[in-house]
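Biologist: I would like to go through the labels in this model one at a time. For each, please set the value against the cut-off.

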Amino acid sequence: MGTATFSSRSSRLLPEFRMTGNGFRTLVRTQARLLWREPAVVLSGVVLPIALITVFGLIPAFGKPSASLGGRTTLDVYVPTFAMLSSVLTALTALPVSFADLRERGVLRRLAVSPVPAAGLLAAQVAVIATTAAATAASVVLIGVVGFGAAFPAHPVLMLASYILGTTALLAIGLLIAALAPSAGVATGFGVPTMILNFFFAGVYVPLQQLPQFLRTVSGFVPYGAIVDTWSGTGAAWQHLLVLAGYTVVGALAAARVFKWE
């Protein structure tokens, strides 16, 4: 009786979350097909990271140890950067822009009275983006380490922890942007600068080892920078993981609080 009453109340209070397992899997497959039909998402989120690690690997000078990089090669430094690139691009641009576009066109409002719950659509998009980013990251590491001889991270557990927490942190930020942006244009206006800021503090433009100490310290408090630092075995790993966990929790809670389907 108690279970039935609880289920009945949950259905009344949270109708947007009602979805069967088969329905969710169908929605994930649909979102995956839609994602792969977007050339910009595929090119930036999948092709670009793999192309960059391949190009860097083919440059002989990038495979030689450098004193300015602490005895590491340029390829060693950029493997974690390129491995996380897909998560950054898709979480901070594709996700918020896609959902803001659906809100702007009134699709989310119509979903509220359809068999497809809006929350299920959001969860399906997150699942597809996370899976795509993970597959791309694995490909980048495989190409860099096996294909071109880059050094494998000395602490695989920390690498995995930073990847998982880093991806959830970036997705939480993307969800917050999606929650606040009334249109795709506004989502782009928030997402792109956030992405560029993360690029800078992750060493995309200039290797972190060559930045002034103050900027290197700041990078540990920016998601992308904290991920790369932990993955590379530099800095205080526990601090970086706590930073990423903080972004995940605060970003997700804030997004859930302010998110509007209409």
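**Cavity, pocket, rings and contacts**

Modeller: I start with the largest cavity, which has 12 lining residues; Val77, Leu208, Gln209, Val228 and Ser232 are the ones nearest its centre. Helices α4 (74-83) and α11 each give two or more residues to that lining. The model is a predicted one.

Biologist: Which element gives the largest share of the lining of the largest cavity?

Modeller: That is α11, with three residues. By class the lining has five nonpolar, five polar and two charged residues. The space inside is about 60 Å³, and the structure holds one cavity of 30 Å³ or more.

Biologist: What makes a space a cavity and not a pocket?

Modeller: In a cavity a 1.4 Å probe fits but cannot get out, whereas a pocket is an open set. The largest pocket has a volume of about 580 Å³. Its lining counts 23 residues, with Glu38, Val41, Ala94, Ser98 and Gln125 nearest the centre. The elements giving two or more residues to this lining are α2 (21-36), α3 (39-58), α5 (85-104), α6 (107-111) and α7 (118-147).

Biologist: What is the make-up of the lining of the largest pocket by class?

Modeller: There are 15 nonpolar, six polar and two charged residues. The largest share, eight residues, comes from α5.

Biologist: Turning to the rings, how many aromatic pairs are there?

Modeller: The count is seven, with ring centres required to lie within 6.5 Å. One of them joins phenylalanine 199 and tyrosine 205, at 6.3 Å centre to centre and 75° between the planes.

Biologist: Why is the pair of phenylalanine 199 and tyrosine 205 called edge-to-face?

Modeller: The angle is 75° and edge-to-face means over 60 degrees, so the label applies.

Biologist: Why is phenylalanine 199 called buried, and what is tyrosine 205 called?

Modeller: Phenylalanine 199 has a relative accessible area of 10%, and buried means under 20%, so phenylalanine 199 is buried. Tyrosine 205 is at 47%, between 20% and 50%, and is therefore partly exposed.

Biologist: What makes the link between serine 87 and threonine 167 a polar contact?

Modeller: Their side chains are joined at 3.3 Å, and a polar contact needs N or O atoms within 3.5 Å. Leaving out residues up to four places away in sequence, serine 87 touches Leu92, Ala133, Tyr163, Thr167 and Leu170.

Biologist: Is leucine 170 buried or exposed?

Modeller: At 0% relative accessible area, under the 20% cut-off, leucine 170 is buried. Leucine 170 is part of helix α8 (residues 156-180). Beyond four places in sequence, its contacts include Met84, Ser87, Val88, Asn198 and Ile227. Leucine 170 and leucine 244 are 74 residues apart in sequence, with 8.7 Å between their C-alpha atoms.

Key: Residues are numbered from 1 along each chain as its sequence is written. This is a predicted model: local features need pLDDT of at least 70, side-chain atom pairs count only at pLDDT 80 or more; totals for chains, interfaces and linings use all residues. Side-chain values use heavy atoms; hydrogens and water are left out. Rings of Phe, Tyr and Trp (its six-membered ring) pair if their centres lie within 6.5 Å; planes under 30 degrees apart count as stacked, over 60 as edge-to-face and the rest as tilted. Buried means under 20% relative accessible area, exposed over 50%, partly exposed in between (1.4 Å probe, protein chains only). On a 1 Å grid over the protein atoms alone, a cavity is a set of points where a 1.4 Å probe fits but cannot get out, and a pocket is an open set with protein on both sides within 12 Å along at least five of seven lines; lining residues have an atom within 4 Å of a point. Grid points are joined across faces, edges and corners, and a volume is the space filled by probe spheres set on the points. Helices (H or I, at least four residues) and strands (E, at least two) are DSSP runs, numbered from the N terminus. Ala, Val, Leu, Ile, Met, Phe, Trp, Tyr, Cys and Pro count as nonpolar, Asp, Glu, Lys and Arg as charged, and the others, Gly among them, as polar. A polar contact is a pair of N or O atoms within 3.5 Å; within protein, one must be able to donate a hydrogen and the other to accept it, and residues adjacent in sequence count only if both atoms are side-chain atoms. Contact means heavy atoms within 4.5 Å.
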